[in-house]
Structure formats: C-alpha cells, structure tokens
Amino acid sequence: MNLLETHGIEKRYANHLALDDVSISVPKGSIYGLLGPNGAGKTTLIRIINQITGPDKGEVLFDGRKIVPNDIFRIGYLPEERGLYKKMKVGEQALFFSQLKGLSRAEALKRLKVWFEKFEIQAWWDKKVEELSKGMAQKIQFMITVIHEPELLIFDEPFSGFDPINAQLIKDEILELKRKGATIIFSTHNMASVEELCDQITLINKSKNILSGHIDTVRANYGSNIFEVSFRGNPDDAKNALNNGFELIQLNTEGAIPKVQVKLQSETDSNKLLQALLPSVEVVSFNPVVPHMNDIFIKVVQDYNKAHGLKN
Amino acid sequence: MKEIMLILQREFMTRIRKKAFIITTLLSPLFFAAVVILPSYLASLDVTDVRKIAVVDNTGNFTNAIPSTEYIKIAYLNDTPAEKVKNNLEEAGYYALLVIDSAQNSQANPLLTLYSQKQPSIDVLQHIENTLDKVIETRKLKEYNIDNLDKILENVKTDVQVRTMNVSKNGEEKESNTLVTMGLAYILSFLMYMMVLIMGTQIMQGVIEEKSNRVVEVIVSSVKPFKMMVGKILGMASVSLLQIFVWVVLTVGLASVGINLFMDKTSTAQMEQLQQVSQGTDNAQVAQQVEATQQMSDPNNFLAALQNQNFPLIIGGFIFYFLMGFLLYAAMFAAVGSAVESVTDTQQLTLPITLPLILSIIVMISGIKSPDGPLAFWFSIIPFTSPIVMLTRLPFGVPTWQLALSASLLVITFFIIVWIAAKIYRVGILMYGKKYTWKEMIKWISYKG
C-alpha cells in the first residue's frame, strides 16, 4: 500500500523543465530517500507534493486518491530553506505554526509542553528566536514540523546545521516517528544517513527519475562482484593462490589479520574463490563488498550525463 | 478562513507591540492637537502685548487723529524732533515711530513713514492706515459742504455678512462652513495618502523580511500564498484603522481640553482687537477677515457647521475608500516585496505604485478649490486615484451616481489587482537569487497554481 504516489509529474518554468515525467511510489510506513544533485528538481517535486505549487502535467495521489488541499494537515514539511520570525518569542511562534497546521490552541499548548520537556527547552518559551543559536532554532523548527502528528513527513536536508549529538537526536526522532507508523520522505546529500535510514530511494537527475527501488536491491545491483576476505597466514601465499582466474584489487597487510579484496569474473562463482584460498590460508571472514550509496550516486549520475551528452 | 485569521492576528499583534508603533500612535495626537491649539494660544499671547507708537506730526493736521486702543497706545510727540526718537526707540519704550509729512501737492495724501526696529505687525499697520483713511475721507467729504454729513455717514455705514446654508432637495437647510468642509477634505485625503504610503511600505518590508528569513516556505506549506497575503494586508489594515481611531479620539480629546484652556480668553481678545481695527472703516478686506475669524472661532457656528456635515456618509465613505484603497495598494506593495530580497532593490519597482498616489495628492490640492470640476471628477472615478480624490470631494457633497460608479469601479479593480498581486506573490516568495523586473513579474501571472 502506497501512501503517496506521483504519476508522470511535469513542471516547466519560464526557460527550463524542472521535472520531466517523474513518478515515485512511497510505501506506507517507509522512509523514502529522495536523492539527486543540486538543481535536479527535488525541491520542486517536494513543493508539488506539498501543494505549494502545482504540476503542469501528471497527478499526485495521497492515500490512494487525488491529493486535496486539506491533506496539508496530514503532511509535515521541513523545508531546506527554513527560518522563523526572529523577533517573535519561541513559544508564541510555536503556537502560531501549530495552529496553522490545524491544531486548536489548547491542543497545541498541550502538545508543545510535551515537546519542550522532551527536548529540555522549557526555558526558551519566552525567549526571542534571535537569541537562540542555529541548532536551537533547528530544534524548534523540527518540533513545529511534527507537532500535528502527520502521516507523511517530508524532511529536506534535516541534519544541516546540527552538531553530531543533535543530529543523532533528530535521527532517533525520525526512527521513532517511523516506528509509530509515519511515512517519511527524506531528501539529503548525506549518503551515509541514506544507508542508515532509508528503505526506498529515488535518484533524480536533470529533472528525471533515473533510479528507483529498495535500497538493498539498488546496492546489490550495483555490486561489482568484489569480495573481501580476511585471513590468518602469509599474505604472499594468498597472493599466489589468487594468481590465476582472479583479479586482486587490494591487499591490506597492516592489521593483525590481513585483508584481500578480489574481483570475480562475472561467470565465476564465489565458492571458487574460497576453494582457491582455503589450501593456503585460514579464512576468518568472507563478505561481498556492497557499494556505498555515495559511489552509486556518483556513478549513476555521471553515466547518465555522459550517455545523454550533458554536463555534470 | 481560520488560516487568514491566524495570519491576520499574528501580523496585528506583532505590529502593535512594536515600540515605533506605540510611540507614533500615542505621541502624534499631541502634535495634531498642538496644530489645532497653537494658533489660538499664540494669538492669546500676542494680544496681551501692549505696543506704544510715537507719532511726530510735521503737518499739524493730524493731531490726535489716531485713537489709542487697548493694545496699541498712541503718543503724540509735538515738540520732539523725529530724528531724536528714531534712534532711541527701544530706550524710550516705543514699538514704532510714525512720522507724518505733508505732500508736495496739497491735494495728495500726506507722506506716512513708520520706523521700527522689528517688522511692525499687521494690526498696527492696519490700525494706522484705516484710521487715517477714514479721517482723510471724512475731510474730503466735508469739503463738499454737505449738510448733515455726520448723520449721512452714520446712515450709510454697512457691514454685510454672508451666512452659508446648504439646501438639500427636499428643502432642508443646514448651516455650512467652507473652511470646515475644506479642512475636513484635506484631513481625510492626507490621512489616506499617508497611511497607504507608510503602511504599504511596511507590508513590503514585512514580506521581504519573511522571504529573506526563509520563514515563508514553512508558512506556505500550511497556508495558500493567497490566504497568507490576504491575512497580512488585512492585519495591516486593522493596525491602521486602530491607529486612526486612537488618533481621532486622542486628538479630539486633547484639542478640546486645550481649546477650553485658551479659547475664551483668545477669541474674545482677538475679536475685540479686530473689531477695533475695523472700527469706523469700510475696508472690505478687514471686514472679511473679521467675518472669517468670527466664523471660525464662534464655537456655535463652527460646531453647527461641523455637526451639519453628513457624518454617516463621510465616515462610511472614509471607511469604504480607506479599506479598498488601502488593500488595493497594500496588495501591490506585497507583490513587489515578494519579488526582491532586500529593501534597497525596491525603489524602481515601487515607482509605478507611488506615481498614482502622488498624482492623487496633486489633483487633491487643486481639486479642493473646485470639487466638482472635470479634474476632480475624473480622478475621483479612476480607481487608482479615486480613494484619495473621492475622499477630498466627499465633504462637499457628491452626486449618488458618481459615488456609485466610482465605488463599483474601485471594487472591480480591487478584485482584479488582488488576484494579479496574489499570482505574483505566490511565485515571487519562492524565487531567490535575482532581482526581478515588472516585466518578469507579469509573466508569473500565467504560471499554473
């Protein structure tokens, strides 16, 4: 069951096509990574989902039907370009934004109290936003994004501006929201956090969706048949054992346990590698090397641009 | 609606808590009241000042011809040469010295010269001129040897006063006062102009601030940009109406306290003085002045004229034209604010908006003299200038069909402009990194929502 689907979204601005036939399907309860280089069209897609602007073609389905204006109360959006009223007091401001999200004043007050306690920021209520540090303001911003407990959350670069401790705090909050059943769309350039959090991804490049799927499938698909073997014994023996039929990528002898990275020919099966090594050394571990999202990102984007004669 | 209310409320509360707003709202009435009271107050100071005028009559024909009044004391120095007094005016305690020399031609008027250290005040001059005019006129008349001349002169003495009454179609008569009507027209249209310009600029700054703060994207993810803009300009309109209300209440309060303090003393003193000046003269100018002063300062006449203004129509008209005009211009200012990222970029873009405002004021100033002339008429129909020019015409009375035409054109224009402004606003607030021109902003209107 998909909470959100877009079908063939197209959006044109005066002199360029911001989105070209973009379709994505976000399963209910998943964390969905929206990746892509700067200017690829991610923010435009997010704005269309948030109904800030409309598509020229295509449609957005929310909960199985065409999205309607009132759905914004079921969506929480943390924009990349975010800010607060500097001269307004924190509490008043949080209250204002909570009410804009459809909460009654009393309900907003009640929920804000819980969040202020959770983040241990009760003392900030009467402070002006301009007195807060950037990280503190980001916490408020996060809070007002999730205060109405939306089913769909859209985070655009949620970790920018946070120190590692607060980034972890937000990461935990995101996982907690997922555990409670929320669906999360998450746009970032931080590929490590994509691997850590996302279930599904879509890579948008030059206005087009060029890669979609479950993150494990994507990574496996881009696996290049490289295995890493750590072993006890003489590294030279291992080297000799791999002399025929294997491509030695890297031999690391620095640690107590040496490691070797080997690329298999596409027709070779991985047992052959073990069979070749077993007579010479004691194998301690044997793992396929799964490519990191970072490498996939760069490879996919560069290949696409080369194939279409585009600049990076 | 709920979102518009929330935006409106936030805008209103933040604005009225600003120090600058509180100060201008509370202190301006002091200034306004001072403008009302000061002339009376100053006049009350002036008249208590007794001035001594020395007269050296070298002809010998005008001995004791000029009478002293309460505030102008005339001293005839028969044996003192003029030169001696002239250089010691202050030491001798004289305000001025009048020297009367005979003309070379015996038929001509005597040569009068007034020496003073400061520029002599108008009432002194008028007193001297008017009395001597009268004296010489009487003498000339006497040369015709008419019997009972004094009696005839007494009989022909005339002082007409025009009482202005407005007559409505069904024959009702009302006391009117041109000065009151003009004053009201000025105040209404200047208030409108000031508020639109000041508050419009503030709305523009507010939009720019939200945009450069990046708070705008957070808001538009929960509120349609149109509602956000409408909420903002309505909030600002409420702020302005509150300010005007406080101004009117405080100014009227302060001015009536002030007038009670000075008015009795002043008006009577002023009256006496002017009457003395005009005593025994037919000088039309002076008579007119006296009348005008009487009209202005006779509290009953003034109040009657004020009360006889059609206040329900004027207040209703003011609120309608103020709101429509304010929102019309505010929407345009908001649209400009959305297209830039700093206030310094707005100058060129605001010119097309301020131009009709400035034009309205120019038309208003000339139109106030002929409120039914073609200039005032056309500009009170054209929607962009009508909020100000129609307010100028309103106290003078405007035919219903003109009012209806102007109002409906304004309402139609209002909806069109707000629609266009909202389209520009919606696109502009999310555009960064460039200063946009009107040409580009017009293109945004065609963008799909």
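**Note on the predicted model: charge, surface and cores**

1. In chain A, the 38 positive and 39 negative charges have mean positions 6 Å apart. Lys and Arg are taken as positive and Asp and Glu as negative, with His and the chain ends not counted; each charge is placed at NZ of Lys, CZ of Arg, CG of Asp or CD of Glu.

2. This is a predicted model, in which local features need pLDDT of at least 70, side-chain atom pairs count only at pLDDT 80 or more, and totals for chains, interfaces and linings use all residues. Residues are numbered from 1 along each chain as its sequence is written, chains are lettered from A in the order in which they are written, and side-chain values use heavy atoms, without hydrogens and water.

3. Chain A has 312 residues, 50% of which count as buried, that is, under 20% relative accessible area (1.4 Å probe, protein chains only).

4. The largest nonpolar core holds 158 residues, and Phe97(A), Phe155(A) and Ile219(B) have the most contacts inside it. Such a core is a set of buried Ala, Val, Leu, Ile, Met, Phe, Trp, Tyr and Cys residues joined through side-chain atoms within 4.5 Å. Apart from this core lies another, of 17 residues, including Ile53(B) and Tyr76(B).

5. Ile219(B) touches Tyr85(A), Phe96(A), Phe97(A), Leu100(A), Ile7(B) and Met228(B), not counting residues up to four places away in sequence; contact means heavy atoms within 4.5 Å.
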